[in-house]
There are 4 protein chains.
Amino acid sequence: MLIVMATKATPKMVDEVCSVIESMGLKAHPMPGALRTAIGITGNKSQVDSNIILAQEGVRDIIHVTKPFKLVSREFYPENSIIDVDGVKIGGPEFVVMAGPCSVESREQCMIVAEHVHKAGAKIFRGGAFKPRTSPYSFQGLKEEGLKILAEVRDKFGLKIVTEAVDTETVNLVADYSDIIQIGARNMQNYSLLRKAGQTKKPVLLKRGMSATLEEFLMAAEYIMAEDNPNVILCERGVRTFADHTRNTLDLSAIPFVKRTSHLPIISDPSHGTGVRHKVIPLSRASMAVGADGLIIEVHHDPAKALSDGPQALTPDMFDDLMNQMRSIAKVLDRECG
Amino acid sequence: MLIVMATKATPKMVDEVCSVIESMGLKAHPMPGALRTAIGITGNKSQVDSNIILAQEGVRDIIHVTKPFKLVSREFYPENSIIDVDGVKIGGPEFVVMAGPCSVESREQCMIVAEHVHKAGAKIFRGGAFKPRTSPYSFQGLKEEGLKILAEVRDKFGLKIVTEAVDTETVNLVADYSDIIQIGARNMQNYSLLRKAGQTKKPVLLKRGMSATLEEFLMAAEYIMAEDNPNVILCERGVRTFADHTRNTLDLSAIPFVKRTSHLPIISDPSHGTGVRHKVIPLSRASMAVGADGLIIEVHHDPAKALSDGPQALTPDMFDDLMNQMRSIAKVLDRECG
Amino acid sequence: MLIVMATKATPKMVDEVCSVIESMGLKAHPMPGALRTAIGITGNKSQVDSNIILAQEGVRDIIHVTKPFKLVSREFYPENSIIDVDGVKIGGPEFVVMAGPCSVESREQCMIVAEHVHKAGAKIFRGGAFKPRTSPYSFQGLKEEGLKILAEVRDKFGLKIVTEAVDTETVNLVADYSDIIQIGARNMQNYSLLRKAGQTKKPVLLKRGMSATLEEFLMAAEYIMAEDNPNVILCERGVRTFADHTRNTLDLSAIPFVKRTSHLPIISDPSHGTGVRHKVIPLSRASMAVGADGLIIEVHHDPAKALSDGPQALTPDMFDDLMNQMRSIAKVLDRECG
Amino acid sequence: MLIVMATKATPKMVDEVCSVIESMGLKAHPMPGALRTAIGITGNKSQVDSNIILAQEGVRDIIHVTKPFKLVSREFYPENSIIDVDGVKIGGPEFVVMAGPCSVESREQCMIVAEHVHKAGAKIFRGGAFKPRTSPYSFQGLKEEGLKILAEVRDKFGLKIVTEAVDTETVNLVADYSDIIQIGARNMQNYSLLRKAGQTKKPVLLKRGMSATLEEFLMAAEYIMAEDNPNVILCERGVRTFADHTRNTLDLSAIPFVKRTSHLPIISDPSHGTGVRHKVIPLSRASMAVGADGLIIEVHHDPAKALSDGPQALTPDMFDDLMNQMRSIAKVLDRECG
């Protein structure tokens, strides 16, 4: 349920409506917008007495949110959410590119790649310190040592850091070192992890599960937001289908759907979405054209020697080419890039 | 198997190589390119004696095509094929938009829609006269009466006509009235129909089957080309997956794959690919950005009253908007549009 | 719409109701059952005046069939349809096994395999004379020569013959030589072929398309029945999914769904459904246990040399083992087998 | 890598081989079989010097396991693993039925259902105390209170308890109260949870993820076994496909594949696999027939009032019917049931 306050409602009126809601055993989520404040209500299992609320000063309307999503819903919060990652704004006019290696392999590797992607216009550096691997015997990441290297990258280049948290035990450690906590596709419905990531109040990059419907995807975001963390960035990274010409099937129709249904920003991951280097640039162009708010791209200075996912990493030269193409398309779409 | 002739090889040398091949019980397909001629060989079940061929004058090289596709393969014919539809060229620098109603419903309806899409920049008019319907009791199209209406549209507006042929009995009738014969997704592996459509020598628009792999898709095109009809235009129209936010999942990664593997042009059908009007424009932008050679779009002047597929038809106003967006993106991608 | 006649209604009453229906521009399909006759009505695009019909003598009830299927629907015809294939009854207590090679390769091959499967208890012999192949260059079957070999198998062993028709041009030829016309998965929505197969009045074995929903599958059967051919046998043969441990994913849940929704018999094809020999026997057991009315199984006396689908063919010894297992399970499921 | 000891090798010889392996920095997993002992080696990133091992007394052979799975592999341990759940043996001749409500809702509900399923022949009681729910606002289970109710069921009826652990924080609590820890489909690749569940040394019931390949499924089991916990029971519970007649598509072909590839037992969950009550019994019969080692079935005494998954729960009467059918099929398959 969503309360729409009048444009002229004062902060005091908003506070009072919140008190009334909480006195009914519910939770109030005030969301100030440019024109007016909306107040989301959660925790209502049964019918809420709307009359009491409508009787409050400054209340204009009550909207019954029939879809299962509340906090993530555009009905709940009609304007685009812009997530501020320490100055880099995701969801606004800027088309933000995150780039870096699949895994943090060494200090040297990260510095080479970071210098390059920074110069080319990336704003956020990606790199896995904790790697969820199909086999227990595969390289599982440099862990805290990797996080420290990422922090060095930030210090040296001013790039913001996004890196994956794979369990509740280490999510706070990841939050300490990074600017955005990534939740991977395999953990999209690991609800304890979603809650803990939400509790850190850090921006969270939530990847769509391999066979998640968009309702399930948005409900996973709802778990994070229900911890009073509005800083969620969604990410389409391809789904599993019968198709065998690509590692996953990048579902770009998810992007206009999410944009209509939710106020949250959504980016695209053509590296995992295709699994093959030569498809990354065309699908990056398509991601921007379809309306995504950014990209997350794997780049490696020596892909043949990458410890994981080498075949999908762009070389630094290819990444330059990508950024140039992005900039020229951004112009005709009224966006800025890099 | 593919024979590459030297750049300086004369037409006479090419003819002689063809004769040698045919004398071996095989079929030769000479494909003249800008620089040199290649000769495809089909019909070889077992090993061909390459030495005889290499001994011919003007032969530079023999390439063993290991993939199952031959005539459709880019190895076979390295340059982009450009299909000339009575002056409208598909597969070259122009990004070609085909537009019109799902079904031909009446003369009046077609004239209204055709006038509009023609003015907006479409070059080809679409409309179904024979409709393959899931139910035997649904509207199956106006048949020959519909074809006549389409021919009138061509006469009046100079638009070229694309319309579907649903069986071998009526494919020649469709060929008589239209400029491009469409083979629908359900018939992608209707091999008798593919052969007959090939024999008409008319351009054929071949849609990908609902769960066809790209190898199967290209092999279906091979059936048409094996009838000595090089005029095949491929079309990605969405595949079937678990996803329930869209009617089909438009697989844009198919487009760079086809471009790498084959010399044939490929267009995109975001109307069937999504099934919902508001996703058509974003996915049209994405289709152009990913590298498609054109679009096929459903437009209806009164979608609420359409006899089929109303929810996915654009209104004329939306189509204008689409064309404007296409033109501005085309500029930065070195293409022309409308 | 379905008219239920009273149990005591005379044939004359049934005839009169049919006349009334036809005078309204509709088509009447009388379906005599053990207890009472039902009359299906098709051709009604708009509302039918039920009062006129209810006023006829002998009419007990009118059922409005809301689902898109009519003739195939169990609401339409509540008892199990039993298809009589020249004495072999499919859909009744007998669990019928069809067996034979993928392709008819030679007279000798067919005689060896037929002798074996006949002795083991198969009632129907399968073998492709027309083969729909992904590549135009693959072996396409022995065509009429293959049909003649199949007819010889019938004469010699008394086995009934099922073989595939791939196009409208050859469906009558196939009907002349065979007892059951098979429509393959690729042609499930080749509506012209469905209609022509229906017109032969021969039993038709209709295979589910690779990504057909069950509604589409039953609607394809509706096309055959709409030609006044009630002799349709359905076949689950596996669908396309992301799973890579099997060629297709045999969807056994389709069988109880079809049994509830339709009166038509349904068999299972574990050979195509799995694509690997060692899974055929376990999934044959499961098919019987889930409620299928029979099996269609590929058997080859020398699978390594088969011209098509060798890896999924059972050897004669494995087929004996299969039949023994089927017989022992049939006992506890109140069915007979072989 | 796998060391096969000679049949006459003494326990002392086995111990010495293990010491040698560990001195090389690797981990040895002795697996005593009826005829001979095998020793699995894990931890080998690079080449191991086989000569040192072959030189040990009692060593017969070394098998290089090329597939990514080691401990779960049938090459590694050729006999069927039989998991002993406090006297109930899973993976041997007995076909074990686990039954109970989706969620533990109250003491009274559990006692009613438990009494019934116990009398009908179930050996293990299922019921969720921690429920992973798509929405953060849905009922999430009675938690420890629910576990206490389950423990009471064990005390009163002698049924063993299987219940789901949803995170690393509560897995030990679940282990304290239950006999089998269930890992749900959403958590199949929650590797930290898999490891922690492994460390409890309790039997673990691992459900296949919604779009997991069988390689990923077995590799998830490998995570549990790599913690020196051989007590893994696999469970097929349906995968996600385009099919819309069923909640999931129960992939029964997974069962013979797992049986060939792994020594671990595998059961089937037709309740989640179909999502509809009337398909549960036919697919239970099919699961037994295809070779599963047991079932997990949802039963509720008043499904209309169930807090979760009511439509798929069997009534007690239907469960009796199921058990009777299972017993009669078990007889002809040389298995025992209930």
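This is a predicted model: local features need pLDDT of at least 70, side-chain atom pairs count only at pLDDT 80 or more; totals for chains, interfaces and linings use all residues.
**View 1. Stacked tyrosines in chain A.** The rings of A:Tyr191 and A:Tyr223 form a stacked aromatic pair, with 4.2 Å from centre to centre and 15° between the planes. Because A:Tyr191 belongs to helix α6 (residues 191-199) of chain A and A:Tyr223 to helix α7 (residues 214-225) of chain A, the pair ties together parts that are 32 residues apart in sequence. A:Tyr191 counts as buried, at 6% relative accessibility, and A:Tyr223 is buried as well, with a relative accessible area of 1%.

**View 2. Stacked tyrosines in chain B.** In chain B, B:Tyr191 and B:Tyr223 form a stacked aromatic pair, at 4.2 Å centre to centre and with 15° between the planes. This pair links distant parts of the chain, with B:Tyr191 in helix α6 (residues 191-199) of chain B and B:Tyr223 in helix α7 (residues 214-225) of chain B, 32 residues apart. Buried is also the class of B:Tyr191, at 6% relative accessibility, and of B:Tyr223, at 1%.

**View 3. Lysines over tyrosine rings between chains.** A:Lys70 lies over the face of D:Tyr137, at 5.2 Å from the ring centre. In the other contact shown, the charged end of C:Lys70 sits over the ring of B:Tyr137, 5.2 Å from the centre of that ring.

**View 4**

View 5. Four strands of chain C form an open sheet with antiparallel pairing, in the order β2-β3-β1-β4. Strands β2 (27-32) and β4 (59-63) of chain C stand at the edges with a single partner strand each, so one side of each is left without a neighbour in the sheet. From one strand to the next, the twist averages 20°. The antiparallel pairing of β2(C) with strand β3 (residues 37-42) of chain C runs over six bridges, and C:Pro32 stands opposite C:Thr37 in β3(C). Helix α1 (residues 11-23) of chain C lies across β1 (2-5), β2, β3 and β4 of chain C, and runs at about 160° to β2(C).

Notes: Residues are numbered from 1 along each chain as its sequence is written. Chains are lettered from A and ligands numbered from 1 in the order in which they are written. Side-chain values use heavy atoms; hydrogens and water are left out. Rings of Phe, Tyr and Trp (its six-membered ring) pair if their centres lie within 6.5 Å; planes under 30 degrees apart count as stacked, over 60 as edge-to-face and the rest as tilted. Helices (H or I, at least four residues) and strands (E, at least two) are DSSP runs, numbered from the N terminus. Buried means under 20% relative accessible area, exposed over 50%, partly exposed in between (1.4 Å probe, protein chains only). A charge sits over a ring if NZ of Lys or CZ of Arg is within 6 Å of the ring centre and within 35 degrees of the ring normal. Two strands pair if DSSP finds at least two bridges between them. Axes are lines fitted to C-alpha atoms, for helices over the stretch in contact, and angles run from 0 to 180 degrees between N-to-C directions. Contact means heavy atoms within 4.5 Å.
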